[in-house]
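Subject: Structure handover

Hi,

Here is the structure I promised to pass on. Have it open while you read, and my notes follow below.

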Amino acid sequence: MSELDPAAAQPGHLPWTCPFCPLLCDTFGVDVGPPGTPLKLVGSDCPRASAALAEFNGAPVASQPQVDGSDCDFDTAIAAAASVLAASHQPLFGGLGTDVAGARALYALACETGAICDAAQGQAMMHGLRALQDRGGFTTTLAEARTRAELIVCMTGDPTARYPEFFRRCGIGERDDVQTEMLPMAGDMFDTVGLLAALVAGRIWPDDARVPAELVALSVRLRAARYSVLVYEPGRLPAQGALIVEAIQRIVATLNRSTRAASLSLGGGDGAATVNQVFTWLSGLPLRSRAGPLGLEHEPLCFDAGRLLADDAVDALLWVSSYGPEPAPPQADMPRIVLGHPGMRPQGGGASARKQVFIPVSTPGIGCSGHLFRTDGSVLLPLRPLYEDGLPSVDDVVRRLTQAVKALKRERAQ
């Protein structure tokens, strides 16, 4: 259920939950015109949603599966993809742009093939995940920030560049008792957040000449506020960003001794946060894990997709990207299977010499139904299709692929 009032109940406009941002705004509408006409957002001027909708035109998609650049039927593409995975000694599942049902199917296929799984946003996701594993944390929801927060501090800069509706979702402009601030920098992020943590904890005197006055003033407002929310974007953190997230959680923990505070992470879009949740509840382990010869293994550093590809540590790539042409699969000199938006096509380069399979898939919330977790991790929202695009869902394709891989293994075992 949304915490906002419906804003898109206009005649001729379909109500909609936007899958193109982890805020999952669900108070807009979409104008679905005649087939061939780009979809138009109604009730918001969000540039991110508008640009994503422009990739769809309300008509059945004529895109065909391809094997090695040539069009083929669905069964041929499934057979080619299954042969790649059945022969692979160590496949990598990347991108992971899908919904709950697609994630459940991918987990089953990963267990069948011993695949390592890492999202396109894996590097950013690991900042928060590793901090949570090491230190724990205090988090809040968009609804609670909207109704209770007095002070919202944006620790990584203005979030509206990536999340245009964020401030509106927090009630900014509607409530008089909530303030927003950008973290005043005092050196790099590590220095700044560390200084703020020390100020809030009383480990540095406010009149210390080394500390900028703006940072001192922010620490005073944080201690005085009845409810503060520290917002950060993992995707904007530098290398070793988990240390910054830990420092943010130290600030929150210190404040909670005398007042109330929480953190709010903005990330996990393109289905990344959803897939991570699904893999965690199915296996007990988050992404960057595999069901290998030693059983379930979680290696957040070794199982980094970029590292694995650079080190030639995998021999096949399955890339899933159902929300748009981006993120595109990395170039890799190995067999590659792409389950993607119909605007994607296998690219040239090193991979062109190896087996390539492309299967266009439907986008949850556009051509098929689905479910996604919101960025605050506490709300699972349904996605309803806007029109029939004629494409299979990721769930459909991966289940067929899993059956085909099992059949090949049985044949080879006989």
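**What I found**

Ile 152 has Val 229 as its bridge partner in β10. Before going on: this is a predicted model, where local features need pLDDT of at least 70 and side-chain atom pairs count only at pLDDT 80 or more, while totals for chains, interfaces and linings use all residues. Residues are numbered from 1 along each chain as its sequence is written, and side-chain values use heavy atoms, with hydrogens and water left out.

**The parallel sheet**

Strands β8 (residues 151–154) and β10 (residues 228–232) run parallel and are joined by four bridges. (Strands are DSSP runs of E, at least two residues; helices are runs of H or I, at least four; both are numbered from the N terminus. Two strands pair if DSSP finds at least two bridges between them.) They belong to an open sheet of four strands, ordered β9-β8-β10-β11 with parallel pairing. Its edges are β9 (179–182) and β11 (261–265), each pairing on one side only. On average, neighbouring strands here are turned by 20° against each other, direction ignored. Helix α9 (residues 242–255) lies across β10 and β11, at about 155° to β11. (Axes are lines fitted to C-alpha atoms, for helices over the stretch in contact, and angles run from 0 to 180 degrees between N-to-C directions; contact means heavy atoms within 4.5 Å.)

**Two helices**

Helix α7 (residues 189–201) packs on helix α8 (residues 213–224) at about 50°, with the axes 9 Å apart. The contact uses Thr 192, Leu 195, Leu 196, Leu 199 and Val 200 from α7, and Leu 215, Val 216, Leu 218, Ser 219, Leu 222 and Arg 223 from α8.

**The hairpin**

β17 (residues 370–373) and β18 pair antiparallel over four bridges, with Gly 370 opposite Leu 383. Six residues lie between these strands, and in this hairpin Gly 377 takes a positive phi near 75°. (Buried means under 20% relative accessible area, exposed over 50%, partly exposed in between, using a 1.4 Å probe and protein chains only.)

Ile 337 sits in strand β15 (residues 336–340) and counts as buried because its relative accessibility is 0%. Leaving out residues up to four places away in sequence, Ile 337 touches Ala 81, Val 84, Leu 85, Leu 317, Leu 318, Trp 319 and Val 357. Leu 85 is 252 residues from Ile 337 along the chain, yet their C-alpha atoms are separated by 9.1 Å.

Cheers
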